[in-house]
Amino acid sequence: MANQTKPVLHGYFRSSCSWRVRIAFALKGVEYDQVPINLIRDGGQQLTQEYKTLNPMQQVPAVEIDGITLSQSLAVIQYINETRPGPRLLPADPKKRAQVRMISDLIASGIQPLQNLYVIQKVGAEKMQWSHHFIDRGFQALEPILKQTAGKYCVGDEISMADICLVPQVYNAERFKVDVGQYPTIKRLNQALLEIEAFKVSHPSCQPDTPDDLRA
Ligand SMILES: O=C(O)/C=C\C(=O)CC(=O)CC(=O)O
């Protein structure tokens, strides 16, 4: 594409949805700029009027790309996939493609929103047990699905959007003290994916806004 300026990712180092977008950019070898939105500081920088114009849901990520502003990480990932060269992030085979979407939606609609900051802030004192419960419940469903679909990665042997969703969700599971060892397929896939450069460079431990005490 001729008209391209660098995309800008408005995100937060340990937001799982921001991490998904960083993985997609890294897998495709796309250079981009990051603008940190601190979800905690100043009561949450995502709540400012200025940010609300970028994403009316007042969540991260928001991505400025090719003259439009996108939110919702799966939409962003699919746009990157459809417009950038490099490895495809959705398989060519319709059945496999449907499985990738099924796994991605299971995580992005069925697990992550239930443990998202703006939900658990409403839950209050119970937030640890609450998040643990919904991630564990989701992983109980995800494990047998992945057992059927996985090869080296979530669906067969090609890295896909499903892998992009899985790794940040396992990171959150660990934050909320879910015993990932109970889920051998999830554990194996996560370990294999964390060895891949695109997952390493995008990791929350090494972003521009990662606090010093959380740096790897
Ligand atoms: O505790 C914090 O520092 C604030 C928020 C997050 O990490 C990100 C989330 O809200 C969870 C998520 O992205 O799944």
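The following dialogue explains how to read several features of this predicted model.

Q: How is the packing of two helices described?
A: Two packed helices are characterised by the distance between their axes and by the angle between those axes. Here, the axes of helix H1 (residues 16-28) and helix H7 (residues 161-175) come within 9 Å and cross at roughly 140°. H1 is therefore oblique to H7, and the crossing is right-handed.

Q: Which residues in H1 and H7 meet?
A: On the H1 side they are Ser16, Trp19, Arg20, Ile23, Ala24 and Leu27, and on the H7 side Ile164, Cys165, Val167, Pro168, Tyr171 and Asn172. Nine residues of this contact are nonpolar, two are polar and one is charged.

Q: How do the strands of a sheet pair?
A: Strands pair through backbone hydrogen bonds, in either a parallel or an antiparallel manner. In this model, four strands form an open sheet in the order E2-E1-E3-E4, and the pairing is mixed. Strand E2 (33-36) and strand E4 (68-71) are the edge strands, each pairing on one side only. E3 and E4 are antiparallel, with four bridges; Val63 stands opposite Leu70 in E4.

Q: Which strands does H1 lie across?
A: H1 lies across strand E1 (8-11), E2 and E3, and runs at about 155° to E1. Helix H3 (residues 73-83) lies across E3 and E4, at about 130° to E4.

Q: Is Asn55 buried or exposed?
A: Asn55 counts as buried because its relative accessibility is 3%, and buried means under 20%. Asn55 belongs to the loop between helix H2 (49-54) and strand E3 (62-65). Leaving aside residues up to four places away in sequence, Asn55 touches Pro61, Ala62 and Ser71.

How values were computed
Residues numbered from 1 in each chain as written. Predicted model: local features only at pLDDT ≥ 70, side-chain atom pairs only at ≥ 80, totals over all residues. Heavy atoms only, no water. Axes fitted to C-alpha atoms, helices over the stretch in contact; angles between N-to-C directions. Helix = DSSP H or I, 4+ residues; strand = E, 2+ residues; numbered from the N terminus. Parallel < 35°, antiparallel > 145°, perpendicular 65-115°, else oblique. Left-handed = near helix turned anticlockwise from the far one by under 90°. Contact = heavy atoms within 4.5 Å. Nonpolar A, V, L, I, M, F, W, Y, C, P; charged D, E, K, R; others polar. Buried < 20%, exposed > 50% of the residue type's maximum accessible area, 1.4 Å probe, protein only. Pairing = 2+ DSSP bridges.
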